[in-house]
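Here's a quick tour of one protein model, written for someone new to reading structures.

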Amino acid sequence: MSVLALSNSLPTLPQLSPSQSQSETPKPLSPLLSNFTTTTTTIHNNSISWTKKTIITALSGALSFGLVFSPPCSVALESPTIQSPPSPSSEYCREDEQVLKAESGPELVTNAGIVEEAWEIVNDSFLDTGRHRWSPQTWQEKKEYIMNTSIPTRAKAHDIIRRMLASLGDPYTRFLEPEEFSKMARYDMSGVGLNLREVPEDNGGVKLKVLGLLLDGPAHSAGVRQGDEVLAVNGVDVRGKSAFEVSSLLQGPNETFVTVKVKHGNCGPIQSIEVQRQLVARTPVIYRLEQIDNGSASVGYMRLKEFNALARKDLVIAMKRLQDMGASSFILDLRDNLGGLVQAGIEIAKLFLNEGETVLVNNKTASASEIVASSLHDNCRAVLVGERTFGKGLIQSVFELLDGSGVVVTVGKYVTPNHRDINGNGIEPDYRNLPAWSDVTQHLSQCSKLQG
């Protein structure tokens, strides 16, 4: 197979029909994303460590981020389907119980508290990208100055946060009003308002724990708690599965139900909870079959508008259907795609790393789109066609504050597999105009030889 990237404007393309967003089993495409490097001071082992907050999912893009939410302020209702798990040591259970009580205690929302919360998020998470306007000392001095200021209203608190973030000199770190923050729900990977983290066990295994909950979201309202271990989804044992795989299992048609089996804390009961899905994301994929070489071959054209929670799933469906229609190669159109979920970009890149493809790019191909384009290009799996890309190599996360507002904070930076810095530079295409398919094949063959 082959992939191509375009840069000129597209003709009107058909929308996916409702049936085109249903899950299908794809043909195996690629097992690994190789040689892709992410450099950041705060990202380790595919997760980000936060001192006092929890991350829903890392995002990138000119207009996209990672979602981080406060722990829930109340413990959800009981369910009749409860089992008692084996009891670990009493000391371990008491420690876990104290953590759960701390998480479930009421929180008093004050104007000063919201400002201090925003300050702490930056202090724990912000990555200075080279402007040298931030240091722990100057940030501590700013806190002391701000906390000695009278903050009589919520509007005053929000204004202080805006000015505090602006002082960092980072164009991507900013404040979100509550209505702006609520729009981030389309990046929820699970469709039920929770995020999973892979937690290593002493025996070498891995268990999946709820790392973040969307407050008053479907999972939270149904009874899932912060720190719960997920054991099964719709009766399917999730042991040995990745957080991304289980998030995909949780997805489904809007307003349908999914049963999640969890263990509350380390010592709490096992409970099967029925959660109603509430999908906000819309399909970002448009596809069609094209004839090339005077009709002697077929190529699958796929346009990806953003890397939201449905991007990988719907792209897999499109690829499967195009293959069934006779497509042997693909064109992946990333023009005007400003980015989205970093993990979605990585998972989509994996789909193509087994074969050569063509990717279309332009000056609005940014961030997560550049992750995909550079990963396929540098691994000799695709040629790039169009214009130089936007050049955004930074990763942001979005944190919810106690009053429902939020802050967007730059937390990471990534480079291409060949260790090129994307940020501010972009990626040059191999071709300005769509080449003959034989030229694509020859280019990728030569690239592989040089790489070898």
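Let's start with two helices: the axes of α9 (residues 342–352) and α10 come within 8 Å and cross at roughly 30°. Keep in mind that this is a predicted model, where local features need pLDDT of at least 70, side-chain atom pairs count only at pLDDT 80 or more, and totals for chains, interfaces and linings use all residues. Residues are numbered from 1 along each chain as its sequence is written, and side-chain values use heavy atoms, with hydrogens and water left out.

**How α9 and α10 meet**

- Axes here are lines fitted to C-alpha atoms, for helices over the stretch in contact, and angles run from 0 to 180 degrees between N-to-C directions.
- Angles under 35 degrees count as roughly parallel, so α9 and α10 are roughly parallel to each other.
- The α9 and α10 crossing is right-handed, meaning that the near helix is turned clockwise from the far one by less than a right angle.
- On the α9 side, the contact (heavy atoms within 4.5 Å) involves Val342, Gly345, Ile346, Ile348, Ala349 and Phe352.
- Their partners on α10 are Ile371, Val372, Ser375 and Leu376.

**A closer look at α10**

- Helices are DSSP runs of H or I with at least four residues, strands are runs of E with at least two, and both are numbered from the N terminus.
- How many residues of α10 (residues 368–378) are buried? It's 11 of its 11, where buried means under 20% relative accessible area, exposed over 50% and partly exposed in between, using a 1.4 Å probe and protein chains only.
- Among those buried residues are Glu370, His377 and Asp378.
- Just after α10, Cys380 takes a positive phi of about 60°.

**Rings and charges**

- Rings of Phe, Tyr and Trp (its six-membered ring) pair if their centres lie within 6.5 Å, and planes under 30 degrees apart count as stacked, over 60 as edge-to-face and the rest as tilted.
- That rule gives 1 aromatic pair: Trp119 and Trp139 are stacked, 6.2 Å centre to centre with 10° between the planes.
- Trp119 lies in α2 (residues 111–125) and Trp139 in α3 (residues 136–147), so the pair ties together parts 20 residues apart in sequence.
- Both Trp119 and Trp139 are buried.
- A charge sits over a ring if NZ of Lys or CZ of Arg is within 6 Å of the ring centre and within 35 degrees of the ring normal.
- Lys143 has its charged end over the ring of Trp119, 4.6 Å from the centre.
- Arg288 has its charged end over the ring of Tyr301, 4.4 Å from the centre.

Methods. Parallel < 35°, antiparallel > 145°, perpendicular 65-115°, else oblique.
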